Amino acid sequence: MTEQQVLASWNEGPVRQAVLDYVHGATAPGAAFVEPADRIATFDNDGTLWVEQPMPPQFDFVFRAGEEEVKADLSLAARQPYKALVERDQGFFEGLATQDPEAVATLLEAFARSWAGTTPEEFDAQVREWTTTVRDPRLSVPYVELVYRPMLELFDLLRANGFRVFVCSGGRDFTRASAEDTWGILKENVIGSAASYAFTDGRIVRTREILGGLDLGPGKPEHIFAHTGRLPAFAGGNTDVDIEMLRSAAFALLVRHDDDQREYAYTKGAEASLATAKELGWTVVSMKNDWTTLF
């Protein structure tokens, strides 16, 4: 890549330069050099790689299935997250938007239940259909068109310098279904909470059990280490549930949503991460000021 092609959608300034300086130091002889095997870069998904408002896209996917399930079995309306769907419980939805662990846990349990017994191919087909038909309610385009171009350019820069890039998601299998087409990330490089699988009658199928703990807070570096055997050298996130992953990395990049014209402006669910960034000297990306193009 030429100098102009590197991080082309990033404005010249201290944020872009900090990223370039870290990558140069990690790959050039010297005190900051990172051994090739340790060049692990991990990124949160919702709000870091694509839009997460008014709620993370995978929650929309689960809710649509949940609404159909409640119609078929009214007894489900007595428990979460189905109860919140029936009652239009905004408090519960806000908890999901800020990735409250208790709210997310109930959603993941429903996720596992709804698709228990399906094969990976069947599940992937449903996700792909959703990605081509469902649109962001404000921006009116499919969610797969709301991927942040500057982050894709960052992926290119990291891979060109020997980093292996991973996405750390609260819904691993949902993210895997579109990761290769959307971010150029292989399925096996998507880490996170997921249903367990059983090999039955010659087929791999999803079960109702959740594999491992929640991929939130400390669960992020725990999942990363379990998957790679290493903690990240470079990590990117945008909310409070990413703090532990960012703390575990040598270089931490925090995305700040402050562009209400091209996307959304909000700090709810990110107050602690922004304070920690200031305390620890993390690099904070202003969508409004640091990115010339969002999508």
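This is a predicted model: local features need pLDDT of at least 70, side-chain atom pairs count only at pLDDT 80 or more; totals for chains, interfaces and linings use all residues.
I looked up Tyr148 first. Tyr148 is buried, at a relative accessible area of 0%. Buried means under 20% relative accessible area, exposed means over 50%, and partly exposed lies in between; the probe is 1.4 Å and only protein chains count.

Residues are numbered from 1 along each chain as its sequence is written, and side-chain values use heavy atoms, with hydrogens and water left out.

**Entry: aromatic rings**

I searched the whole structure for aromatic pairs and got 22. The rings are those of Phe, Tyr and Trp (its six-membered ring), and they pair if their centres lie within 6.5 Å; planes under 30 degrees apart are stacked, over 60 edge-to-face, the rest tilted.

I opened Trp115 and Phe123. Their pair is edge-to-face, with 5.6 Å centre to centre and 85° between the planes. Trp115 and Phe123 are both buried.

Next I opened Tyr148 and Phe295. This pair is stacked, with centres 5.9 Å apart and 25° between the planes. It links distant parts of the chain, the two residues being 147 residues apart. Tyr148 is in the loop between α6 (120-133) and α7 (149-160), and Phe295 is in the segment after α12 (287-290). Helices and strands here are DSSP runs numbered from the N terminus: helices are H or I with at least four residues, strands are E with at least two. Phe295 counts as partly exposed, at 27% relative accessibility.

Which residues make up the aromatic cluster with Trp115? I listed Phe61, Phe111, Trp115, Phe123, Trp130, Tyr143 and Phe174 as one cluster.

I also checked charges over rings. The charged end of Arg206 sits over the Phe123 ring, 4.4 Å from its centre. Arg138 does this with Tyr264, at 5.0 Å from the ring centre. The test asks for NZ of Lys or CZ of Arg within 6 Å of the ring centre and within 35 degrees of the ring normal.

**Entry: the sheet**

I traced the strand order. An open sheet is formed by 6 strands, β3-β2-β1-β6-β7-β8, with parallel pairing. Two strands pair if DSSP finds at least two bridges between them. The twist averages 25° from one strand to the next.

I zoomed in on β1 (residues 40-44) and β2 (residues 164-169). They pair in the parallel sense over 5 bridges. Ala41 stands opposite Val165 in β2. Helix α9 (residues 219-228) packs on the sheet and touches β1, β2 and β3; its direction makes about 130° with that of β3. Contact means heavy atoms within 4.5 Å. Axes are lines fitted to C-alpha atoms, for helices over the stretch in contact, and angles run from 0 to 180 degrees between N-to-C directions.

**Entry: helix α4**

Helix α4 spans residues 90-97, and its buried residues are Phe92, Phe93, Gly95, Leu96 and Ala97. Their cover includes α2 (57-72), α3 (82-87) and α5 (101-114). At the start of α4, a side-chain oxygen of Asp89 reaches to within 3.0 Å of the backbone nitrogen of Gly91. Gln99 follows α4 and has a positive phi, near 60°.

**Entry: His257**

I located His257 in the loop between β7 (251-256) and α11 (271-280). His257 counts as buried, at 4% relative accessibility. Its side chain reaches the backbone oxygen of Gly47 at 2.7 Å. Not counting residues up to four places away in sequence, His257 touches several residues, among them Tyr148, Tyr264 and Gly47.

**Entry: Asp173**

Asp173 lies in helix α8 (residues 172-182). It counts as buried, at 8% relative accessibility. Leaving aside neighbours within four places in sequence, the contacts of Asp173 include Phe123 and Arg206.

Conventions. A polar contact is a pair of N or O atoms within 3.5 Å; within protein, one must be able to donate a hydrogen and the other to accept it, and residues adjacent in sequence count only if both atoms are side-chain atoms.
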